[in-house]
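This briefing is meant to be read with the sequence and the model side by side. Please keep both open while going through the points below.

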Amino acid sequence: MTVHFVHLLDELQRRSLRMASAVEDMVQEACEAVAHTNHELARRIIARDTDIDAEEVAVEGEALRLMTLFQPMGADMRQLCAILKVNNDLERIADCAVNMAERARHLDADAPADVRNELTAIFPAVRRMLHEAVRAYAGNDQTLAERVLTEDEVIDTFYGEFIRNIAALAHQSPERMHALLDYLSIAKNLERIADHASNVAEDVIYLTTGQIVRHQGK
Amino acid sequence: MMTDVQEYDLSNDRSGTIARPAIPAVQVRPAASSDAVPQSADDAPVITTDALSIYYGKFAAVQEATMAIPPRQVTAIIGPSGCGKSTLLRAFNRMNDFIPGMRVTGGLRCLDWEVYGSKTDAVELRRRVGMVFQKPNPFPKSTYKNVAWGARVNGYRGDLDELVERSLRQAALWDEVKDKLHASSLALSGGQQQRLCIARAIALQPDILLMDEPCSALDPIATSKIEDLIDALKERYTVVLVTHNMQQAARVSDLTAFMYMGRLIEFDATNTIFTSPHNRQTQDYITGRFG
């Protein structure tokens, strides 16, 4: 029975990681759709959300089934708890990517380039943070997870400055308000993605150490 | 369905961890967590072992176990068959005395006694340290006489009716038997008989109750009642429980000791043992990788 359980748990972990890869792809494509005002790409991202939602439900169902049938303990229980929590964050990250894609469909080619350039400059940092969080999750890498947590501050600082710039621009050029609000929404979703990546990193630390590190030092 | 995406390596693959691990050369000493450390004189340990070894002839059933069991908490001892947990439990009130070839080295203190000291009165020790066994073993007498018997033998001079009622109430059995106190105890169900045995032990006003797999012969409903009872008993008594059922240990105990092949591998708060044990052997046992 133990061998059977270990097999099922590993298969569920792989399924969760496949979902993480798909969500990473969605975020990458959402960034491209914004950077290049690619409406077709944005439409495809929005269409993928249904798959992610279905997968989230399937992973959660399987995790709950394993908990009920096998009543795991120790590292196995931590693993299932981490899968459940990461599963929720991945689905929320996919929602953020969809929100970005929806904003990208509003943008037109002559949207203010200066604001777009400022926004796209933060894309690599957000994508790297998410990628490292998923890598830490895949490899039970506590060190990498702790590094991810330090990166969230960079994104938060950017977001704070971006809001101030948008407010100043809105005051100077109220006719650009629609585009500025779209960019502000995109920035907000990027900041949320970074927060969810931090959550994943915290779950990895719980998975590896048994310590709950949420809400510390804030 | 997720397709066409990057595959991450599972560096934490468990398939290689199922093999039986080697016994460490150096014993892991119990590291009681902060909530298990005595905070005052009232919380001083009631049972302490110091490098305790118990032999049956040349066979060391328990090897250099060192632990401190705090009062009014439930301590569970878990481990695979033959690991020495019942031997250790039975040493606490000298139930092993009549096993040929049994001998003890190291220290074992229980309440005020050096348990195997030459001046220790084993009968008085067993009155203060009661035992509940795997299979219910009521005397073939009435419920009333089962509870009152020990007190009578020990010259109890109080109100026996009151003692019987109080003991049965503490054992959560009174409401079920109050109208048939003088009927044979053998007519009770297995779960009721086990609670009667607990009431019989309580009637001697012990400080410590030892329980050797008290639910292994009971159905799930009766098991649930005994577990609720154990939780209630710790308000007055120190309970030390040997169980094969890890979920039961996780549910009812405050502290858990894991033994393997005679050695005390890890002793810590139950929450720690079952969520984040420090020792790899404990981890492998609670996740079913061996044992």
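At 2% relative accessibility, D76(A) counts as buried, where buried means under 20% relative accessible area, exposed means over 50% and partly exposed lies in between, with a 1.4 Å probe and protein chains only. The side chain of D76(A) meets that of R289(B) in a salt bridge of 2.9 Å, N to O, a salt bridge being a side-chain nitrogen of Lys or Arg within 4 Å of a carboxyl oxygen of Asp or Glu. Because D76(A) lies in helix α3 (residues 74-106) of chain A and R289(B) in the segment after α10 (280-286) of chain B, the pair joins two chains. R289(B) is buried as well, with a relative accessible area of 6%.

This is a predicted model, in which local features need pLDDT of at least 70 and side-chain atom pairs count only at pLDDT 80 or more, while totals for chains, interfaces and linings use all residues. Residues are numbered from 1 along each chain as its sequence is written, chains are lettered from A and ligands numbered from 1 in the order in which they are written, and side-chain values use heavy atoms, with hydrogens and water left out.

**Overall form of chain A**

- Chain A has seven helices and zero strands, and its pattern read along the sequence is α-α-α-α-α-α-α; helices (H or I, at least four residues) and strands (E, at least two) are DSSP runs, numbered from the N terminus.
- The radius of gyration of chain A is 19 Å, which agrees with the value near 17 Å that a compact globule of 218 residues would have; the radius is taken over C-alpha atoms, and the globule rule is 2.2 Å times the number of residues to the power 0.38.
- The C-alpha trace of chain A spans about 65 × 40 × 20 Å along its principal axes.
- Of the contacts in chain A between residues at least 6 apart in sequence, 81% join residues at least 24 apart, a contact meaning heavy atoms within 4.5 Å.

**Surface and charge of chain A**

- Buried residues account for 52% of the 218 residues in chain A.
- The accessible surface of chain A comes to about 9,600 Å², and 50% of that belongs to carbon and sulfur atoms; areas come from the Shrake-Rupley method with a 1.4 Å probe, and for residues only the protein chains shown count as cover.
- Chain A carries 23 positive and 37 negative side chains, and the centres of the two sets lie 1 Å apart; Lys and Arg count as positive and Asp and Glu as negative, with His and the chain ends not counted, and the place of a charge is taken as NZ of Lys, CZ of Arg, CG of Asp or CD of Glu.

**Salt bridges within each chain**

- The structure holds 27 salt bridges over all chains.
- One of them joins the side chains of R15(A) and E55(A) at 2.7 Å, N to O, and this pair links distant parts of the chain, with R15(A) in helix α1 (residues 2-35) and E55(A) in helix α2 (residues 39-70) of chain A, 40 residues apart.
- R15(A) counts as partly exposed at 25% relative accessibility, whereas E55(A) is buried at 4%.
- In chain B, the side chains of E176(B) and R195(B) meet in a salt bridge of 2.8 Å, N to O; because E176(B) lies in helix α5 (residues 174-177) and R195(B) in helix α6 (residues 190-202), the pair ties together parts that are 19 residues apart in sequence.
- E176(B) is partly exposed at 29% relative accessibility, whereas R195(B) is buried with a relative accessible area of 4%.
- Salt bridges that share partners join E40(A), R43(A) and R44(A) into one network.

**Positive phi angles**

- Most residues other than glycine have a negative phi.
- H215(A), which is not a glycine, has a positive phi near 60 degrees; H215(A) is found in the segment after α7 of chain A and counts as exposed at 68% relative accessibility.
- E213(B), also not a glycine, has a positive phi of about 50 degrees; E213(B) lies in the loop between β7 (208-212) and α7 (220-233) of chain B and is buried, with a relative accessible area of 12%.

**Two further acidic residues**

- E191(A), in helix α7 (residues 177-209) of chain A, is buried with a relative accessible area of 9% and touches I155(A), D156(A) and Y159(A), not counting residues up to four places away in sequence.
- D42(B), in the segment before β1 (47-56) of chain B, is exposed with a relative accessible area of 60% and touches P71(B) and R72(B), not counting residues up to four places away in sequence.
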